[in-house]
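Hello,

Here is the structure you were expecting.

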Amino acid sequence: MISSVKTKAQQIFEGLGVAPGIGFGHAHIRDHGALEIVEYFVPDDKIKDEIQRFEDALALSIQQLEQLKSKSKELPDAAAEELGFMLDANIHMLRGSRLVRGVETYIQNHALNAEASVQNVLNEIVDGFKALKDTYIASRQSDIQQVAQRILRNLNNTAPPSLNDLDQNTVVIADELTPADTALMHPDKVCGFCTTLGGPESHTAIMARALGIPAVLGINHILGEISNGDPLIIDGDEGKVIVNPSPKTREIFEERAQSNKATLAELHHLRDRQAITKDGVKVNLQANVELPIEVDLVNKNGGEGIGLLRSEFMYMNRDDLPTEEDQCQVFTNMVKAMNGRPITIRTLDIGGEKTAKSLIEDFGDSICSPLGMRGIRLSLNRPDILETQYRAILRASAHGPIRILLPMVTSVDDIRQARRILHSVATRMRKDGIELPDYLPPLGAMIEVPGAALAADSLAQVCEFFAIGSNDLTMYTLATDRADEAVAHLYEPLHPAVLRLIQFTTQAARKNNIPVSICGEIAGNPKYTGLLVGLGLRDLSMGASSIPWIKDRILNMSEGVEQKRADTIMEESDNSRIEMHLKTP
Ligand code: PEP
Ligand code: MG
């Protein structure tokens, strides 16, 4: 007898590719982790309370979906409409479907706890659907299951399962992932992720690029169409997710992945070569690091140091603050791994999209606002946090060259206060007999707020170095949220206003003889390399995997030509003409 295995049809979903690469794996739907349902009887006099508990979980589920819906409005029109339609259907279900009515009656009639009642009613509904043998109705099953899962999680008060323990070749599919979620993904296990929400310059996207995990954001309705374990291909270069790929599609993508691998292998020959232009100008290429596991990649790609260590990762995914010892260990290990090459540690830049449970209570909504309690503002408001970081950094500085970088600086006073605290911490440590190097690490400022860029000449007199943060500088200059896909088309680092601020900052640093680097995402994109070198920048810091591409670009350019091109570009007032100059050979 010949048995036929029914294969599911291939489906292609398109979104925004934010981290390059091709991944072949299986779907892991974030909200679909198995929940353990405990069953128990509820005494008669507590049945009313149990129904109330169920209703509270329902109300919370509706609130969560409403929030998701209001965020989804920021998506491009068609996507917002489609996702909104699906969320409306789910909200409608929560407001009075057979599931909801059935659970209340079930609790009442069987005196069973709410979780078990939800599960039993869900099973009855799903069995009924199966009996109908109608493919449309059968497909609605997954909607009801999703809704029931949300209620169960809210009843149990459980967050979705952690992402740090996934099987190999997993592609994570979710509504939204925070930078903290992404930090838990191990690149050896997770070969891609795709979400409905999120912008290309969000920290989630930056983290994906840093970890080398292909990522596609802004894909709607995938959650309703895919099942856990479905085979898929994620294409972070072109922003596609192919579910149940056909053998032909698989073959095409395997060929592409193979050819990408070959190109990368060729670039790796450049590892030990310096980045020097054809006319002899040396450019220093360092790496941005968000997680300790990236340090290997920095070494593998020939990074000349760590130009930006985002220390936030130590504050994420935990309920308390990291201790001096915790931080000292991490910093010391990194300094040792860099083996004499410098490392620039940025003090805590929690705020905006990056939050930490341990700080939300103190600062409330202000910590979530990009204009609120972010970066150095938070550290000066909680000097205990800054002092702990300084102590850890100073102890680690005994093992190799370190610089200290302050985020979100807006005024000379920020630097003065931060320096005063640094000196008093060092004095106390020395008094306690802790040996510190004779010279304290240089203290520098991120220039990522237009006000700081325009005041760069005064800041240069109180700082020992600058690092230009073009991600936030673009966001604040153009009043365009970097994490919001709806305004992604307005987020333009080539806007003349942004370029003028970069130029002014670079010139102010040079006039005052302090080093200046750039560590925003444009530093790791070959499209901008000529312009940055032409504007006078000689230190670029980027995701470690970008280093070979940028080196290749520098080896093939002439600084003299790029300087002339930059002069022409700085005369332009129109983004599209600037783009045109960049494309001219
Ligand atoms: C920047 O703003 O350009 C930057 C490098 O910092 P972050 O991306 O961490 O905000
Ligand atoms: Mg920034």
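**Ligand 1 and its shell**

Three residues, the largest share of the shell around ligand 1, come from α18. Helices (H or I, at least four residues) and strands (E, at least two) are DSSP runs, numbered from the N terminus. This is a predicted model, in which local features need pLDDT of at least 70 and side-chain atom pairs pLDDT 80 or more, while totals for chains, interfaces and linings use all residues. Residues are numbered from 1 along each chain as its sequence is written, chains are lettered from A and ligands numbered from 1 in the order written, and side-chain values use heavy atoms, without hydrogens and water.

There are 16 residues around ligand 1 (a heavy atom within 4 Å); R310, R346, G469, N471 and R482 come nearest. By class, seven are charged (Asp, Glu, Lys, Arg), four nonpolar (Ala, Val, Leu, Ile, Met, Phe, Trp, Tyr, Cys, Pro) and five polar (the others, Gly among them).

Polar contacts here are pairs of N or O atoms within 3.5 Å. An oxygen atom of ligand 1 lies 2.7 Å from a side-chain N or O atom of R482. For D472, a polar side-chain atom is 2.9 Å from a ligand oxygen, and for N471 a polar backbone atom is 2.8 Å from one. On its own, ligand 1 has 280 Å² of accessible area (Shrake-Rupley, 1.4 Å probe), and the protein covers 100% of that.

**Helix α19**

Helix α19 spans residues 496-511. Just after α19, N513 has a positive phi of about 55°.

Regards

Key
Polar contact = N/O pair within 3.5 Å; in protein donor to acceptor, adjacent residues only side chain to side chain. Expected span 1.5 Å × (residues − 1).
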